[in-house]
Amino acid sequence: MMLRRGFILLLPRLVGLLVVACCSMSIVYMLACTPKGDNQHLALPRVHSSTVKEGYEAVLQEREEQHRNYIVSLKKQIAQLKAELQGRTEQLKKMQNQYSDPLDVWLDHSNPEKAQANLLAFLRSQVDKAEVHSGVKLSTEYAAVPFESFTLQKVYQLETGLTRHPEEKPVRKDKRDELIEVIELGVGSLNKPEGVGNAKHRVYTASDFVEGIYRTEKNKGTLYELTFKGDTRHQFKKIVLFRPFGPVMKVKNENVDMADTLINIIVPLAKRASKFRQFMQNFREMGIQQDGRIHLTVVYFGKEQMNEVKSILENTSRSANFKNFTFIQLNEEFSRGKGLDVGARFWKGNNVVLFFCDVDIYFTAEFLNSCRLNTQPGKKVFYPVLFSQYNPSIIYGHHDSIPSLEQQLIIKKETGFWRDFGFGMTCQYRSDFINIGGFDLDIKGWGGEDVHLYRKYLHSNLIVIRTPVRGLFHLWHEKQCLDELTPEQYKMCMQSKAMNEASHGQLGMLVFKQEIETHLHRQKLSNKKT
């Protein structure tokens, strides 16, 4: 099976070789037809001979006949080569069509024994492809896949995830189970040494484990190297394990029609009329003009700036001929969770996708489609990771002017960061939100309500889709952390405020600004002296 798979991969090369062979034969025949050089003159009759004219005619006729025969022979050979090449090409096409899906060949369910043998051969080939027995030449330092190390208690990781801890106890259950399984396999392998028979040997336990390293290559598998204590202080036992990844399997092939899937964008708001005006510009362009399958629900707290907000909404409705909006006013203290909960329950139509949004969010039409495609009633909810913008006055402080908003929305490490600790922007069907119990309405003010809802979904049987998206941005604004917040909320607010300003490097440039300016001044004076 491996040979057949390799042969299929060599089919294009064989076709190329046949074409080269055809061209080579043509060149050989052309050379053969070339007249002889000057050192092989024709045996022409003598000039003073009485039969000069007849002799020349006879020789020329003979040579012409020879050339004609060469040409006929060459044409026949070329025709034969073309016919043979065409036949080979048709055979190759038939073989490619016959084995167009290598997965069906490897996993032939009609022959379970053959499928199992093929799968085992594939998994063994994964070990040969990975850097287990020997290294692989890499183009740059960025191509290297680093290892992470672990002991019985801790994991030391480069990709820190949400916790941001460079070392920690494995938080995720799948990671804990994976490392425990690997250590147990290593202990079991040490306690069943090869070629020892019934001879007595040391019994190893997990306490003999010293450390391990592991790394995962996405298309090959995970390599583990485990170190255990040996018989003496300076002796160790090394176990190498490899978890190969199997071939890609087709699970589903379906058509998804989102033509009639409506999204209800719910925005809780208090004051901030200028931000709402900016939000409505984005909503009009992306939601109304480009998408068109959208409803807007604004839940407004209090009365201050309410008339201005309503005026902005009504002006957009008239100018864009847009009627799919709802305005709800609550005479109480602002609560994001309360506003979203009220907006979701106010909807009286058919089951609808809810997009919980904030006034300082910018979205694209592509994101709205992602919102639809990653939600499914009773099955999936969508928690996109948005890109959070840094303070433009810091990012573009050295520029003559700050670029327009659209030009600022670039996903780079200098312009912002993935807000992977935020769970406020989410898409789900209204039925799932109601069935899960909605928001915790006891939470007041800023923060906390989104995490509680996120945990409810994680504790349910629904699939939570969590992924970065390129069409959802959090626009920078100065964050105010109010004294009324609880100590925990205030701490969360201040941490969020610090992360929103600039990157680590940019903040460092601000901290050391005086030293940098002093250095530049010295350099300038030094250049003048020279």
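Predicted model: local features only at pLDDT ≥ 70, side-chain atom pairs only at ≥ 80, totals over all residues.
The torsion about the S-S bond of Cys371 and Cys427 is about -120°, so this disulfide is left-handed.

The bond itself spans 2.1 Å from sulfur to sulfur. Its two ends lie in distant parts of the chain, 56 residues apart: Cys371 belongs to helix α10 (residues 365-373), while Cys427 sits in strand β14 (residues 426-429). Cys371 is buried, with a relative accessible area of 0%, and Cys427 is buried with a value of 0% too.

The structure holds 2 disulfides, and the other partners to meet are Cys481 and Cys493, whose sulfur atoms are 2.1 Å apart. This link is left-handed, with -90° about the S-S bond. It ties together the loop between β15 (463-474) and α15 (487-501), where Cys481 lies, and helix α15, which holds Cys493; the two cysteines are 12 residues apart. Both of these residues are buried.

Here are the two bonds side by side:

| Disulfide | S to S distance | Torsion about S-S |
|---|---|---|
| Cys371 and Cys427 | 2.1 Å | about -120° |
| Cys481 and Cys493 | 2.1 Å | -90° |

If you number the bonded cysteines of the protein chain in sequence order, the pairing reads 1-2, 3-4.

Note on methods. Residues numbered from 1 in each chain as written. Heavy atoms only, no water. Disulfide = S-S within 2.5 Å. Helix = DSSP H or I, 4+ residues; strand = E, 2+ residues; numbered from the N terminus. Buried < 20%, exposed > 50% of the residue type's maximum accessible area, 1.4 Å probe, protein only.
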